[in-house]
Amino acid sequence: MLRDGGTAHLRPISPQDADAVQRFHMAQSKASVYLRFFTYKSSLTPKELARFTEVDYRNRVALVAVHGVDIIGIGRYDRLDTPTVAEVAFNISDHHQGRGLGSILLEHLAAAARENGIREFSAEVLPENRKMLQVFADAGYEVKRHFDDGVVSLSFDIDPTAKSRAVMESREHRAEARSVAGLLAPRSVAVIGASRRWGSVGNQLLEHLIEGGFAGTVYAVNPEALELGGMLTYESVAEIPEQVDLAIIAVPYDETAAVVEQCGAAGVKGVVVATAGYADDANDGPARQRELVRTARANGMRVVGPASLGIVNTLPTVSLNASLAPSMPIRGGLGLFSQSAAIGVSLYSAATRRHVGLSSALSAGNRADVSGNDLMQYWEDDPATTVCGMYLETFGNPRKFSRIARRLARSKPVIVARSPKLGQHLPPGHAVRTTAAPDGSVDAMMRQAGVIAVESVEDLMDVGQLLTHAALPKGRSVALFSNSLAMGRVLTDLAEAKGLVVGSMTANLQLDFGQSVALPLLHRTVLETLQRPELDSAVVTLMPVRGLSVAAIAGVLSECAHEAGKPIVAAFTGIVDQRITYDGVIGGSDDRPGLPCYANVTSAMAALAAATDYAQWLERPVDTFAQPEGIRTEEAEAQLQQWLADVPGDELLRLTPDQVSRLLSFYGISVCESVPFESADAAVAGAERLGWPVALKTLDPTLRHRLDLGGVRLNILDAQSLRRNITLMRNLLAPYGEFGMEVQAMAPVGQSCVMRGIEDALLGPVVSFGLAGDAVNLLDDWAHRVPPMTPGDVDEMVRSPRAARKLFGYQGLPAVDIAAVEQTLARFSALKDLHPEIALIELNPVLVGREGLSILAAEVHIGNAAQRTDSARRALLA
C-alpha cells in the first residue's frame, strides 16, 4: 500500500528482470542516475545487469516494486566484510517519487536482513539527494551521519524501535485510509455491465447512482447498447474520455477477469466487483479470485468484493450510492462494514427501519482485498463518522484488527457483531486462516481493544442508535421510570444483572391526565431526577397511555436528555397497533438528536449497559506496551534456533526439563528443580541434594498433578519414608501403567494456578490464566488474552477468572502475592509474544503464597513457526 492509497507489487528481483531493469534505468533522468551511481551512465552493461539481478537472497538481497509490467522502484542490500552489517541502496522511478516507495522498500529490506542475521545498515548518499536522506531520517531509526569527501555516510541499527514501529504504523494508517477514501469519494464512476433490463444488477447499480444524486460523473459501459437512460454508453472502459476513479463491475462471472485487466490498463483507481460466482465454483473459484486481486493490485487498484452489495457515502459533496440499496440512506454518524451481501441487506434495512443515519457503508462481499481493518483506518480520519459498526463473518488479520481498534476506540466507539464461532469456520468464498484457540479468545481480544462486542445485527443497531444519538454515561448509576410497578421490578432486575447501579426508581408515573398535563409532568419528573449529580443515565419504560403518542413522549424525553446532558433510553411495551413506530430513533429536532427507543426493556437495558461499559473503558489510563526489565530476547531466540536446527517441517520438539529451565531463565522465570530417578537409591540421593522434606511425583502428564489418584505424595521427611512412598505409588498406579518418577523439594504452601500459552494460526500468541484443578479442567474457568499485553491487561487478566476471588482472601484465608503473579504473567506473556517458535508452553502448577510464588513444573514444545498475520512483512493477503 503506497502513501497515496495506490498499490504496487513488491517481490524479490530475479535474473529474468534484466530487461525491465534496463528499461527502468534508461527512463530515469540524468539527475536521478547521477544521484544513484555518483556518475551518469546512459545504460547498464551486461555485467552490471547480472550483478544487480543475480542475488543469493541472503548476503545480497534485492527487491523490486512493480506496477503492471514496469519496475517503479528497486531496493537492495549487500552484506559487508563485517557479517552483521550491510550496505543499502535505493532507486525510485522519477514518475513515482513521493509515493513512499523508498520507505516501504527500506522496511522490507530491514525485515529480510534481520532474518539473515544482519543488524546494521550503512549507506552513502550525495548531499544533494535530499529525498533519500529524508527517507532514512523519517524511518524512525537512530541514524548516525558522517560527512567525508563530498559524501554523507549513514549507519543505523535496524532492530525495531518504538519510534520505527510508530512510523510504520503511521504510514500504514495513512496509506490504507487514503485508499478507502479514494473508493468512497470518487470524482467519476463507470458502471461496467450497465443494463436496460429492469431488475438486473447492472440496471439497479446505474439507476441508484443517478437517483442518489452522485456529485461526480457517471459513465455506462455496455458493448451492446448505444444509450441507457438517456446516457451515451461506451463499449469498454478504455473508450471513456476521462480518467475513471471507480469502476462498478456487474458482468458475467467468466468475463470479470478480463474487465479488471481493462480497468488496470485504463488507469482506474479502484473497482467494486458485484459479480458473484466465485464461492459457487469450488474447483476454480478461489484461484480465479486470487488472480483477480493480484491483477488489480499489480495495476495500483483496490478491490471491493467479489459478490459485494456495493458502497455508500452520504456526504453531500459526494452523495454516492454505488450499491444495490434502493435509496440513499439518511445521513448520520454511523459507519457500517459488512461482508456477505445478505448481511449487508440486513444492516441497511435495520438502519432504515430505525431511522439511524449513516455516514458510509461498504459491503466487502468475499473480502478478497478491502477489509474491515481498511475501513477502520478510514473511519479514524473521517469527521462524518462518529460510531463504527461492523459485522464480521471472518477474521483475516486479527492482530492488526486489535492494534487498529484499540487506537480507534479511544476516539470513536467500535461495535462488532459476530458469530460466537468467529474465526473457526469460513463462509463460502472466503480464504483466510481459521483458529483453534480456546473459546473466548476472540472475545477477550476484543475486550482488550475496547470493542463493544454484540451477537446480531439487531444488537448492533440497538447500541449504534444509542451511541449516535446520546451522550456517553459518566458512571454506572441509572434512574429508572415506569408507569407500572411490575415493569419497574423487571427494570430493576435487568439493571442489576447488567452490572448497573439503580440510583433512583420511579415506578408509579401517573400520566392519565391528558397530554396538556401529562407531558409537562413527565418532563419535570424525569429532568429533576436526572439532574441529580449522582445519577448518570435513565431508562424509561411505559405501557400505552390513552391520549399520549409515542412521538410526543419521545420528544419530551429527548428534551430532558438534551437539557441534562445525560443519556435516556425508552422502551415502549404493550403496543399492538402496527402503524405506530416505537423502535428506533424518535422525536428529534434540528437542535437536538432523537431519542433511542426500543420495543422491549431487555434491549434498552443491554444497549445502555454496553455504552456504560465502553465509557468506563475510556476512563482507564492509556497503557503503553513495555517489555519487562531484564529479559534477554536475542539470547532466547538464538537458543531456540539452535534447538530447532534439526527439527524437520511441521514436527514439534518437546524440551527437556533442563532446556525448559534455560529458556525460562532468559525471561527471569525460574522453575523449582526436580530430580527424575530410576531407583530408590537415586531418589534418596536426589532428595539429599535438594533438601528434606520432598515431594514425590509420577512423570505421567495426566496423573502428575492428581493427588487424589495417587500421582503426588507430599511432605516426605526422610529416606525411609521416601523408599516406602515409592513402593506405595508404584502399586497404586499399576492399573494405569508403569511411569517414571521424580522428587522435588517441598515448596511453600499457596494457591495453585496455571499459565498456558499457544501459537494459533490465526490469532498468533494466546495466553491463558486460571486456578489449577477443577476450575479450569471441568468448568473451563480461564482468562484468555492476546499479547502484547499492557500492565492494565495483565491486571485485568489475573482478576477475570470466576475463581480468582480465592487469590484475594476467601473464607478467612489470607490474600496471596498478586504482584508476584502479575510480574510472572507479564514475563510469561512477553516470552510467548516474542517467540512464535514456542508452540505450547505451560507452567502448572504455580503455587502463589503470601510472599512470592513457586513454579513446580513447566512444559514447552517448539517448532518452526509460520508467518504471523501481522508480521514485519506488511504484505496484503495474496
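## Cis peptide bonds

P788 sits in the loop that runs between strand 35 (783-785) and helix 24 (791-799). The model is a predicted one, and in it the bond joining P787 and P788 is a cis peptide bond, with omega at about 5°.

For context, most peptide bonds are trans, and most residues other than glycine have a negative phi. The next section turns to phi.

## Positive phi angles

D780 is not a glycine, yet its phi is positive, at about 55°. The residue is placed in the loop between helix 23 (774-777) and strand 35. D780 has a relative accessibility of 48% and therefore counts as partly exposed, since the exposed class begins over 50%.

N715 is likewise not a glycine and has a positive phi of about 55°. Its place is in a strand, namely strand 31 (residues 712-716).

## Helix 11 and helix 12

Two packed helices are described by the angle between their axes and the distance between the axes. For helix 11 (residues 372-381) and helix 12 (residues 398-408), the axes come within 10 Å and cross at roughly 20°. The two helices are therefore roughly parallel to each other, because angles under 35 degrees fall in that class. The crossing of helix 11 past helix 12 is left-handed. On the helix 11 side, the contact is made by N373, M376, Q377, W379 and E380; helix 12 supplies K400, F401, I404, A405, R407 and L408. Sorted by class, the residues of this contact are 6 nonpolar, 2 polar and 3 charged.

Helix 11 is largely enclosed by the rest of the structure, because 8 of its 10 residues are buried. The buried residues are G372, N373, D374, L375, M376, Q377, Y378 and W379. At the N-terminal end, helix 11 is capped by S371, which has a side-chain oxygen 3.3 Å from the backbone nitrogen of N373.

## Helix 10 and helix 14

What is the angle at which the axes of helix 10 and helix 14 cross? The axes of helix 10 (residues 341-354) and helix 14 (residues 457-469) come within 10 Å, and the crossing angle is roughly 40°. Helix 10 and helix 14 are therefore oblique to each other. Helix 10 passes helix 14 in a right-handed crossing.

From helix 10, the residues S346, L347, A350, A351, R353 and R354 meet V457, E458, L460, M461, D462 and Q465 of helix 14. By class, this contact divides into 6 nonpolar, 2 polar and 4 charged residues. In general, an α-helix has 3.6 residues a turn, so residues three or four places apart point the same way.

## S195 and its loop

S195 is located in the loop between strand 8 (188-192) and helix 7 (201-211). The residue counts as buried because its relative accessibility is 17%, and the buried class covers values under 20%. A polar atom of the S195 side chain lies 2.9 Å from the backbone nitrogen of R197. With residues up to four places away in sequence left out, S195 touches S200, G202, N203, N222 and L228.

## Q639 in helix 19

Q639 is part of helix 19 (residues 633-644). Is Q639 buried or exposed? Q639 has a relative accessible area of 9% and is therefore buried. Apart from neighbours within four places in sequence, Q639 is in contact with R662 and F666.

## R489 in helix 15

R489 is found in helix 15 (residues 485-497). Its relative accessibility is 46%, so R489 counts as partly exposed. The side chain of R489 makes a polar contact with the side chain of D493, at 2.9 Å.

R489 and M505 are 16 residues apart in sequence, and their C-alpha atoms are 9.3 Å apart in space.

Key. Residues numbered from 1 in each chain as written. Predicted model: local features only at pLDDT ≥ 70, side-chain atom pairs only at ≥ 80, totals over all residues. Heavy atoms only, no water. Helix = DSSP H or I, 4+ residues; strand = E, 2+ residues; numbered from the N terminus. Buried < 20%, exposed > 50% of the residue type's maximum accessible area, 1.4 Å probe, protein only. Contact = heavy atoms within 4.5 Å. Axes fitted to C-alpha atoms, helices over the stretch in contact; angles between N-to-C directions. Parallel < 35°, antiparallel > 145°, perpendicular 65-115°, else oblique. Left-handed = near helix turned anticlockwise from the far one by under 90°. Nonpolar A, V, L, I, M, F, W, Y, C, P; charged D, E, K, R; others polar. Polar contact = N/O pair within 3.5 Å; in protein donor to acceptor, adjacent residues only side chain to side chain.
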